[in-house]
Structure formats: C-alpha cells, structure tokens
Amino acid sequence: MSKKLLLLGLTLFMSACVETVGNQFHTDFPIGKVIRDKVTLPQGDVLLPEGDWTVLATETGQNNSYITFGAVALGRIDSDNFLRGLVTIASPLDSGMGYSFYSASFCDPQPNLLYHHTNANVDLGRQSCFGVKKKTISSFDNFAEYVKTAMSNANAMGVDRPYDMLSTAYRFTRGHKFLYVEYGFDYRQDADQMLPDYADGDPVELTRAFFPEDKEDNVKALVRWARANATKIETEFLD
C-alpha cells in the first residue's frame, strides 16, 4: 500500500510540475504579443529575422520520454495586414542534464528539399543541419495543431496569408538541449524585398528545380540567409 501511495504521490507531483511549466510558457507568450530580435526559452535564445513578430499560437506537450516541450508560432505581419513571414519553434521546457536526444533521420537529405546542409549528425550527441523547401502554411512543423491554431488566430485578427512559403528548418541538439526552428518567407515578394541583404551573393546550387522559375532568385536568397545565419542561431541557443 505504501508503495502505491508513493507512486501516486510522485505521479501527482510530476503532473503538477508539467502543468506549472506549461502554464508559465503560455503566460510568457500570450497571443498578440510582439517580439523583436529573439525568443527567450528555458534552454536558450532563438534569433528572429528583422522586424516585429507577433505570437499567433502556443502549445505544450510531452514526447515519448515524458519531456515537456513548448512550441510557439510567430508571424511577421506587414502594414497591409498580410502575413509575410512565419516562424515556428519547438524546444524542451524541462529536460535534465542526463538526457540526450536521438538524431532520428531529420538530418538525412530528403528528396523534397531544394537545398540541404549538415554540419553534424551524431546520435545522442551534436546534431546541426538545415533544409530549404517550399511548404504550404498548414504543413509547417509537420502539420502541428498549434500551426493550424496560429492560422485560425491570424484569420481572426483579419490577417491575410499566402497559400505557401519558402522555409528553412533547422535542428540543433547537444546533450539535453534541443531546438527545432523553421523560418518561413513569402516568396511572392521580390528577393530584395524578402531578404534585402541576400538577393545577391555567393553562387547557390539547388538540389532540384523550383517552380515558378521566375522566383528561383528568392530560393537562392533564402539559402544564402540560411547559410549565413546557421552558426549564429546555433551558438545563440546552445551556448
């Protein structure tokens, strides 16, 4: 009986801790909050592209190892109330020092990627990679519910949005630290509007063709941005 009571007490305690952590996360990122420069999370800071980024949705949950994750979606809304950018972030809120993340297959090149780069891919060790692709808004972060909620909230705010975007998704792990972040940009703008400092620069070789062809410069601009900022984003979060 005493063991059962101890187990019940431990379960209730853990549930309370998870709820407390989750509640704090939602408190820190209320819908409509505007953030610039970076998002501060328990494990580190996540850099944001230039501009004002509005919190559109948050979500908390646990993985198979009962690690509590927090996820947040932020949108860059222009003066015409149009969604020009979308950032989705997922990271643990409570993983201990003794925990390590499996690499899975995220850093393996995928046939749907326009560009892919891996710096490190060690199971239970350091993982550092990113891939560029065209994605529908609803499929950001693998059709996560909080992204759907973000789009519903944007609609309620009177924000219009494109059907799809160009995105670059990063995955960084080191020991108990983990970050998945995806940066989306509206490629219907000219490349020098979408990413002003990256419309021209080092040559880029794509792994597959992009359509519409007249927007290929936008893809190359995003690849340049992704390459230039990969180390900055990783270092800011992990260190």
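Residues are numbered from 1 along each chain as its sequence is written. Because the model is predicted, local features are reported at pLDDT of at least 70 and side-chain atom pairs at pLDDT 80 or more, whereas totals for chains, interfaces and linings use all residues, and side-chain values rest on heavy atoms, with hydrogens and water left out.

Helices (H or I, at least four residues) and strands (E, at least two) are DSSP runs numbered from the N terminus, and two strands are taken to pair if DSSP finds at least two bridges between them. On this basis, eight strands make up an open sheet with antiparallel pairing, in the order β1-β4-β5-β6-β10-β9-β8-β7. Strands of a sheet pair through backbone hydrogen bonds, either parallel or antiparallel.

Within this sheet, β4 and β5 pair in the antiparallel sense over eight bridges, with Q62 standing opposite T68 in β5. The hairpin of these two strands has five residues between them, and Y66 takes a positive phi near 65° there. On to the next pairing, β5 and β6 run antiparallel and are joined by nine bridges, and G75 stands opposite L86 in β6. The hairpin of β5 and β6 likewise has five residues between the strands, with N81 at a positive phi near 60°. A residue is called buried under 20% relative accessible area, exposed over 50% and partly exposed in between (1.4 Å probe, protein chains only); nine of the 10 residues of β5 are buried, so this strand is largely enclosed by the rest of the structure. Elsewhere in the sheet, β8 and β9 pair in the antiparallel sense over 10 bridges, and K135 stands opposite M165 in β9.

A nonpolar core is defined as a set of buried Ala, Val, Leu, Ile, Met, Phe, Trp, Tyr and Cys residues joined through side-chain atoms within 4.5 Å. The largest such core has 40 residues, and I89 and Y170 are those with the most contacts inside it. At least two residues of this core come from each of β2 (38-41), β4 (53-62), β5 (68-77), β6, β8, β9, β10 and α4 (216-238), with α4 supplying the largest share, nine residues. Apart from this core lies another, of 23 residues, among them F101, F140, V159 and Y180. In soluble globular proteins, nonpolar side chains tend to be buried together. Contact means heavy atoms within 4.5 Å; leaving aside neighbours within four places in sequence, the partners of Y170 include F106, C129, F130, Y183, W225 and I233.

Rings of Phe, Tyr and Trp (its six-membered ring) are paired if their centres lie within 6.5 Å, with planes under 30 degrees apart counted as stacked, over 60 as edge-to-face and the rest as tilted. A search of the whole structure finds 13 aromatic pairs. In one of them, Y99 and F101 have ring centres 4.9 Å apart and planes at 80°, so the pair is edge-to-face; Y99 is partly exposed, with a relative accessible area of 22%, while F101 counts as buried at 6% relative accessibility. Y170 and Y183 also form an edge-to-face pair, with ring centres 5.9 Å apart and planes at 85°. Because Y170 lies in strand β9 (residues 164-174) and Y183 in strand β10 (residues 177-185), this pair ties together parts that are 13 residues apart in sequence.

A charge is said to sit over a ring if NZ of Lys or CZ of Arg is within 6 Å of the ring centre and within 35 degrees of the ring normal. K135 lies over the face of F140, at 5.5 Å from the ring centre, and R188 over the face of Y187, at 4.5 Å.

A disulfide is identified as a pair of cysteine sulfur atoms within 2.5 Å, and by this rule the count comes to one. The disulfide is formed by C107 and C129, with sulfur atoms 1.9 Å apart. This pair links distant parts of the chain, 22 residues apart, with C107 in the loop between β6 (83-92) and β7 (115-121) and C129 in strand β8 (residues 127-136). The torsion about the S-S bond of C107 and C129 is about -80°, so the disulfide is left-handed. Both C107 and C129 are buried.
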